[in-house]
Amino acid sequence: MATMRVLGPSNRSLKPSMRVGFDTLPDQFVNREKRRGFRFNIACIGETGMGKTALLESLFDTEFNQQPHKHDEPPGVEHSHIRVSEGGVDLQLAVTCSVGFGDQLDRESSCKPLVDYIDAQFEAYLQEELKTTRKLDTYIDTRIHACIYLLAPTGTCLKSIDLIALRQLCDRVNVIVAIAKADTITKSELAKFKRILLDELAGNNLQVFSPEVDGNEYPLAVIGSQETVLMAGERLRVRQYPWGIVEVENDQHSDFLRLRNVLLRTHLEVLRRSTHTEFYERYRQQRLLELGFGSSAQEILSDADAPESLTELYEQKRMQYNEIMKQKDRELKEQFMQKINEKEAEIRAVEKELKAKREKLTRIHTTEETKVRTAIEQLEKERQQWMESCEAIRKETESKDHKKKDKKDKSRHK
């Protein structure tokens, strides 16, 4: 509705002659966001066999076609990407699930793959922000907005692996703690288990995401199923047992609907926004400190009298880093050349030694060869003398034989 405006001491009033139209800004914002589409990145972590895949497929009413995993696999993460649509709104959904969590004897590093992945997505976004030419409007944001942490329905307390993992995750992502397989524990045990979990989370100062959900019934106890049946003309997700059927979307059986409402209906944008303004900002400030941008990241962001912009500071730091790398490169080249010279000196020494040995062996060989030749020549002379003596003896023998024969012939003629 247009309002009157009073001008000056004459009390002249100015009334808009037509509708201005800035009340359509919310509609413009909604239309722009609908055209761009929405993205939601969710992680699910829990021990092998806790029903992570079944829960996620139940939450988004779709199949992710994730392969089952064995208990002997090393810790890791697997990713699934899918587009879901509802009421003309598209949601790009990225799901990250833990693999091999808690299946090792040493469980301290079971959560490391997921923690490293979360930090890597923060780092990728930070690097995009620090570029001279940024394209954040078209950048595919892969930062995790929410992490569902599934607890085993033990009914007692948090396991040591849960405490270790939650301490690492609560500083990086919106953690939603949920009790898995709620149909395996009685209602009284479940209520007692929830109270114990709340006390332990508060006692260990674990800041998990805990919105008001129907009277603050937190943490939530959920179930999931990949099996559907037709009941009263409606297809429902259920878990069938010999004693009856457990309906996944029945409030009397579990808190599944409350969890889905928190994730998709009431707090999705809260989760997305807090990821950027709280967890990413914390990571960004820490990284800026490590890069040396001032005494504090807040000082850099709020100091209006600073002589340089963040881009200029980044460029300066980049140049300093390049200079340091060049200096290290020169030092490495010098060390490399020094090692090459040392090796060449060693090789020359070895070559000199080998040359001396070769010359020595050559002299020995020449000496021995001379001796052999001398011996051969001596033998040849002796052989020649022996042959000459043999020839003389032969001739002398033949001469004697001829004389004897002549005597016999003479005596025969007589």
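This is a predicted model: local features need pLDDT of at least 70, side-chain atom pairs count only at pLDDT 80 or more; totals for chains, interfaces and linings use all residues.
I started with helix 4 (160-169), which lies across strand 3, strand 6 (146-151) and strand 7 (175-179) and runs at about 170° to strand 6. Helices here are DSSP runs of H or I with at least four residues, strands are E runs of at least two, both numbered from the N terminus. The angle is between N-to-C directions on a 0 to 180 degrees scale, with axes fitted to C-alpha atoms, for helices over the stretch in contact; contact means heavy atoms within 4.5 Å.

Residues count from 1 along each chain as its sequence is written, and side-chain values use heavy atoms, leaving out hydrogens and water.

What is the strand order? I get an open sheet of six strands, 4-5-3-6-7-8, with mixed pairing; strand 4 (76-86) and strand 8 (220-221) are the edges, each pairing on one side only. Pairing takes at least two DSSP bridges between two strands. Strand 3 (38-45) and strand 5 (89-99) run parallel over seven bridges, and Ile42 sits opposite Val95 of strand 5.

Then cysteines. I find zero disulfides, taking one as a pair of cysteine sulfur atoms within 2.5 Å. Cys97 is buried at 1% relative accessibility, whereas Cys157 is partly exposed at 34%; buried is under 20% relative accessible area, exposed over 50%, partly exposed in between (1.4 Å probe, protein chains only).
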